[in-house]
Amino acid sequence: VSVRSVASYSSKMTGLWTAQGIKIDELDAYLLSCNDKLNLEVKCREFVRLVSSVILTPVVNTHSAIILMKAEQKRKEVSGGVQTALVQKLKEHGFEVGINIEASYEILTNCCNFTVISRLSPKWNPVGPWLVQGADFLSHDNGHALRFDLNTSSQETSLFLNVQNIKLLPIQIGDLDVSTVTLNNFKTHYTTITEYSICSNQCFILPNLLEAYIYSVSHQIPSSCGVSTYDMIRLEWKKKVSILPYTFHLSCICLQHGIILPEKPGLYYQVYFTHNPQNIMTYPEYCVYKVQPMLYPCREADTVLSAFISDISARLPLVCGQIVSFSPASVPSTSLYCAATLQSQKNGTDLNIQHAKLGTLGNSSEINCASQSTPQLKDTTLFECPDVQKK
């Protein structure tokens, strides 16, 4: 989705903020690797929340590569052991330091976007391309949603915001278009509705609203899921650290967002995605949707915009040691609108590395790195258990 003209939005629901440009020549960029492909994004979000001196982003379509940016290394930092401490902390989180690459504003923009989304949670949580305000937004029919586009250049850092009210419509059992007999047995005898009984099994899964297909619906948590009670699921979503062993292969987006599920348990949907139809995932009904969320004008837009600016200023006051202080802009920023494909939900960078030498953190390496921003979202879910293999 291209960035649209300011004129296409209501002035009360949009805003443009700018900050001074970040000096790219004072930043170092490194290519990292991680062997834990399943939890790559979780680990990245966790690390960038714990270490405020760096920003980073996963590299799209690699499943194991990460770009990290930090303030340029100084001699006194080396003698003081700062770099050694950072390398050690990276290793503790499962990252291996690779090559030193050339920093660019494209890479910086992607790193900033991923870092902002990670650090704003749980106050702001991704739902498709939007950030919804509040960790307990699933307990309310309506909420405030905000879409942001952040761009960096040598002249300025631009932040364009668009606010809407959002109405989330969780799936209802009647949406599946099953027979009356099947529906009555499900309600009275607590039977399981299987894929073969469902005429309309397409759905969308939070947080990225990825398209999926329903495999079965049940009143109880499937025994193969790895958890036994709804309270465990709620705690898993809410906590910042997983209470379950990784042997269950949970995506654990709670590590990223800390979302609060409604207290009342509902139905459990087993779904599969087109990119991996053999892998069946279990979700509570609160994160399964038959239709996309509804958007409508927000009357409290000014309050929402102010809250977001306050939160982003608190969570990202510095970018690799450089102060970033946003203020309202009276004239649209040229650098923002020139980025025709800039997206609010960037979470990675595509790399075309033509020539490189392996190096260590702080050591220069020859590299020609062309990067481009991308709107592609990773396949992450609020609670997923690859519990069975689809037959």
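The accessible surface of the protein comes to about 17500 Å², and carbon and sulfur atoms account for 52% of this area. The model is predicted. Of its 391 residues, 54% count as buried.

**Overall organisation**
- The protein contains nine helices and 22 strands.
- Among contacts between residues at least 6 apart in sequence, 74% join residues at least 24 apart.

**Nonpolar cores**
- The largest nonpolar core has 44 residues, of which M69, L108, F148, L159 and F308 touch the most other members.
- Two or more residues of this core come from each of the strands β1 (14–20), β2 (27–34), β4 (65–71), β5 (95–101), β8 (142–152) and β9 (156–167), and likewise from the helices α4 (105–120) and α8 (301–315).
- Helix α4 supplies the largest share of this core, with eight residues.

**Residue S216**
- S216 is part of strand β12, which spans residues 210–218.
- S216 counts as buried because its relative accessibility is 6%, under the 20% cut-off.
- A polar contact of 2.7 Å links the side chain of S216 to the side chain of Q270.
- Apart from neighbours within four places in sequence, S216 is in contact with T192, I193, T194, Y268, Y269 and Q270.

Technical notes
Residues are numbered from 1 along each chain as its sequence is written. This is a predicted model: local features need pLDDT of at least 70, side-chain atom pairs count only at pLDDT 80 or more; totals for chains, interfaces and linings use all residues. Side-chain values use heavy atoms; hydrogens and water are left out. A nonpolar core is a set of buried Ala, Val, Leu, Ile, Met, Phe, Trp, Tyr and Cys residues joined through side-chain atoms within 4.5 Å. Buried means under 20% relative accessible area, exposed over 50%, partly exposed in between (1.4 Å probe, protein chains only). Helices (H or I, at least four residues) and strands (E, at least two) are DSSP runs, numbered from the N terminus. Contact means heavy atoms within 4.5 Å. Accessible areas come from the Shrake-Rupley method with a 1.4 Å probe; for residues, only the protein chains shown count as cover. A polar contact is a pair of N or O atoms within 3.5 Å; within protein, one must be able to donate a hydrogen and the other to accept it, and residues adjacent in sequence count only if both atoms are side-chain atoms.
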